[in-house]
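Visitor: I am new to structures, and I would like to know what the words in a description rest on. Could you take me through one?

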Amino acid sequence: MSSRRERSIVEQFRVLNEFVLPDADPAELPLRLVLACAELLEGTICGLLLADLTGDLHVQAVSQERRAWVEAFELQRDQGPCSDSHATGDRVVAADLAAEVTRWPVFAPTALDLGIRAAHSVPLRLNGRSYGALGLLRAEPGRATDDDLQLAAAFAHVTLIALLAHRTAEDQDVLTHQLQQALLSRIVIEQAKGILAAAHDLEMTQAFRVLRRYARDHNESLADVARGLATGRYRPEQVLRHVETAAPHELSPAPD
Amino acid sequence: MQTWERAVVGTLDEAVAEGPGGSAAAERLCRTCTALFDVDGAALSLLLSEITAGTLAASSQQSRDVDALQFNTGEGPCIDSVASGQPVLVDDLRHADSRWPLFVEGALAHGVEAVFALPVMVGAMNVGALDLFRSRPGPLTDRELWGARRAAGVARLPLLDLIGRVDRDVAGGGDGTAHLRSLERLEIHQATGMVMVQLDVDAGTAVARLRAHAITEGRAMSDVAWDVIDRRLTLPRDGDAS
C-alpha cells in the first residue's frame with residue numbers, strides 16, 4: 001500500500017466519520033460513501049442500496065450518475081451481487097459476468113450489454129441484521145482483491161453507523177425508522193435536483209452542488225431545503241440566485 | 001423472504017396489476033386484503049388535498065361507509081396517517097373516542113372496533129391511505145403489519161391511475177408490477193422534480209403524469225424519465241397526457 005493511498009484512505013475515513021457528529025447532515029452520506037470508494041478503488045463505479053421497512057432495496061447513490069451505471073444498480077434491487085449480499089449477509093464476487101448468466105439471468109446479460117464485466121458487493125450489516133449493500137462495478141473482468149473488499153466493507157460499516165448515529169437507541173424499530181428517514185430524504189433530494197435542473201437548465205451534479213451550497217450557507221439540512229423546493233416554500237430562483245452570487249464556482253459543469 | 005411473505009407479495013401484485021386499473025383495481029386490492037389478513041373490511045382513499053379527498057374503493061358497502069365517515073367528520077386514523085406519513089394503528093376504538101369523537105361513535109355504530117390506517121406514498125408525498133377494519137379489538141400481528149405495508153405499496157398504482165386520469169381499461173395490465181418497481185428508481189425521482197417545474201404540479205401528480213405518459217406510449221417509465229432528464233421530452237402542459 002503506497003503512502004499516498006494510505007493518506008487518502010485515512011482522509012476518506014475522517015470525512016465519513018465526521019457524519020457521526022450530531023450536527024452533520026446524514027443526507028449527504030450515501031454520496032460521500034460512493035465517492036470515497038470510487039476514489040480509492042480505481043476503475044470502479046460504486047453504488048449504495050438501502051432496504052426499506054418491507055425489505056425492498058432502493059438505490060441511494062451512484063458514484064457516477066450515468067444512465068448505464070444507474071441502471072446496473074437499479075437492476076440489483078431484484079437480482080445481482082447487491083441483492084444477494086443483502087439477502088445472505090455475505091460478500092459476493094463475480095469476476096466475469098459472462099460466466100454468471102445462469103446465476104443472474106436478468107442482471108448479468110443486461111449488465112454485459114451496458115459494458116460492465118465484473119460486479120462485486122459487500123453487505124451493510126449490523127448486529128446480524130442486513131440494511132442494504134454497497135456494490136462495485138467494473139468495465140474490465142477481474143476479481144476484487146481482499147484488500148479492496150475489506151476497505152469497501154469498512155467504509156460501508158462506518159456509513160451505516162453514521163446513518164444510524166443520529167439516534168442512540170438500540171431498538172431495532174428506531175434504527176429501521178432512521179433508515180426510513182434516509183430513504184425519504186433521498187427521494188426529495190433527487191426531486192429537488194430535478195426541480196433546479198428544470199428551472200435553470202442545470203445538469204444533475206450542478207443541481208446537487210447548488211442545493212448543498214444553499215443548505216450549508218443557510219444552516220439547513222439538504223433534506224429541508226429539498227423539501228422546501230418540493231413544497232413550494234422555496235422558489236428555485238431564490239436558491240440559484242444565492243449560489244450565483246455567493247459561490248459561482250459551484251455552477252461550473254466540472255464533475256464533483 | 002419466507003414462503004408466506006412471497007405468496008402475499010404475489011397475491012397483492014396480481015390484485016392490482018391483472019385486470020382493469022383505477023377504482024376496479026382498488027376494489028380488488030381491498031377484497032384481497034380481507035382474504036390475506038385477519039380483518040373484516042378494507043378501504044382505499046385518496047387524500048391529495050382537503051378538496052380532493054374521498055373513499056376510492058372498499059371491500060364492502062359497510063367498509064365504504066365507515067371509511068367515508070372520516071371525510072364527513074373530518075377526523076380519523078386515515079386522515080392522521082396521511083398527515084404524519086406513519087401508520088395509525090388503533091387496536092381498540094373504544095379507547096380512542098377522545099381523539100376522534102365523531103368518527104369513533106360512527107364506526108362503533110357500524111360494528112367496527114379496530115382500525116389500521118397505512119399511508120400510501122408517491123414521490124415522498126402521502127397521497128392517500130389504506131384502511132383495514134376489524135369487528136373486534138386486538139392488534140395486527142407483525143406479519144400482518146408487514147403485509148399491510150406491502151398492500152399500501154401496491155395501492156399506489158390505482159391511486160396513480162386516478163390522479164393521472166388514466167383510462168381504467170388501459171391501466172393495470174401486464175406492466176402494472178413493472179411500474180410499481182419503477183416508482184422507486186432514482187431517475188423517476190429526478191424526472192418527477194423536472195415535471196413538477198414544467199407542469200407546475202405537486203410530486204404525486206408529476207409521478208402520475210409520467211406513468212400516464214408511459215402507458216399511453218407503451219414505454220417503460222424509466223425510459224420516459226430518462227427522456228425528460230436528457231431534455232428529449234417535455235410532457236404536455238394541458239391535463240391530457242396523450
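Guide: What follows is a set of questions about the words used for this structure, each with its answer.

Guide: This is a predicted model, in which local features need pLDDT of at least 70 and side-chain atom pairs count only at pLDDT 80 or more, while totals for chains, interfaces and linings use all residues. Residues are numbered from 1 along each chain as its sequence is written, chains are lettered from A and ligands numbered from 1 in the order in which they are written, and side-chain values use heavy atoms, with hydrogens and water left out.

Visitor: Why is A:His58 called buried?

Guide: Buried means under 20% relative accessible area, exposed means over 50%, and partly exposed is in between (1.4 Å probe, protein chains only). A:His58 has a relative accessible area of 9%, so it is buried. This residue lies in strand 2 of chain A; helices (H or I, at least four residues) and strands (E, at least two) are DSSP runs, numbered from the N terminus.

Visitor: What is A:His58 in contact with?

Guide: Contact means heavy atoms within 4.5 Å. Leaving aside neighbours within four places in sequence, the partners of A:His58 include A:Leu48, A:Arg77, A:Leu183 and B:Glu184.

Visitor: Why does B:Ser182 count as buried?

Guide: Its relative accessibility is 10%, so B:Ser182 counts as buried. B:Ser182 has its place in helix 8 (residues 176-182) of chain B. Beyond four places in sequence, B:Ser182 is in contact with B:Ile188 and B:Met221.

Visitor: And why is A:Asn127 called exposed?

Guide: The relative accessible area of A:Asn127 is 63%, so this residue is exposed. A:Asn127 is found in the loop between strand 4 and strand 5 of chain A. A:Asn127 also has a positive phi of about 50°, although it is not a glycine.

Visitor: Why does A:Asn219 count as exposed?

Guide: A:Asn219 has 74% relative accessibility, so it counts as exposed. Its phi is near 55°, a positive value in a residue other than glycine. A:Asn219 lies in the loop between helix 8 (204-217) and helix 9 (222-231) of chain A.

Visitor: What makes strand 4 of chain A mostly covered?

Guide: Eight of the nine residues in strand 4 of chain A are buried.

Visitor: How do you know that strand 4 and strand 5 of chain A pair?

Guide: Two strands pair if DSSP finds at least two bridges between them. Strand 4 and strand 5 of chain A have nine bridges and pair in the antiparallel sense. One of the bridge partners is A:Arg138 in strand 5, which goes with A:Ala118. Strand 3 and strand 4 of chain A are antiparallel too, over three bridges, and A:Val92 has A:Ser121 in strand 4 as its bridge partner. Strand 1 (residues 44-51) of chain A is joined to strand 5 (residues 129-138) by seven bridges.

Visitor: In what order do the five strands of the sheet in chain A stand?

Guide: They form an open sheet in the order 2-1-5-4-3, with antiparallel pairing. Strand 2 (57-62) and strand 3 (92-94) of chain A are the edge strands, as each pairs on one side only. From one strand to the next, the twist averages 20°.

Visitor: Why is chain A called as compact as a globular protein of its length?

Guide: The radius of gyration is taken over C-alpha atoms, and the globule rule is 2.2 Å times the number of residues to the power 0.38. For chain A the radius of gyration is 18 Å, close to the 18 Å that the rule gives for 256 residues, so chain A is as compact as a globular protein of that length. Buried residues make up 55% of the 256 residues in chain A. The C-alpha atoms of chain A fill a box of roughly 50 × 40 × 40 Å along the principal axes. Chain A has 10 helices and five strands.

Visitor: What makes a set of residues a nonpolar core?

Guide: A nonpolar core is a set of buried Ala, Val, Leu, Ile, Met, Phe, Trp, Tyr and Cys residues joined through side-chain atoms within 4.5 Å. The largest one here has 145 residues, and A:Leu134, A:Leu137, A:Leu211, B:Leu44 and B:Leu132 touch the most other members. Helix 6 (residues 146-165) of chain A gives the most to this core, with 11 residues. Apart from it lies another core, of 16 residues, including B:Trp100 and B:Phe133.

Notes: Axes fitted to C-alpha atoms, helices over the stretch in contact; angles between N-to-C directions.
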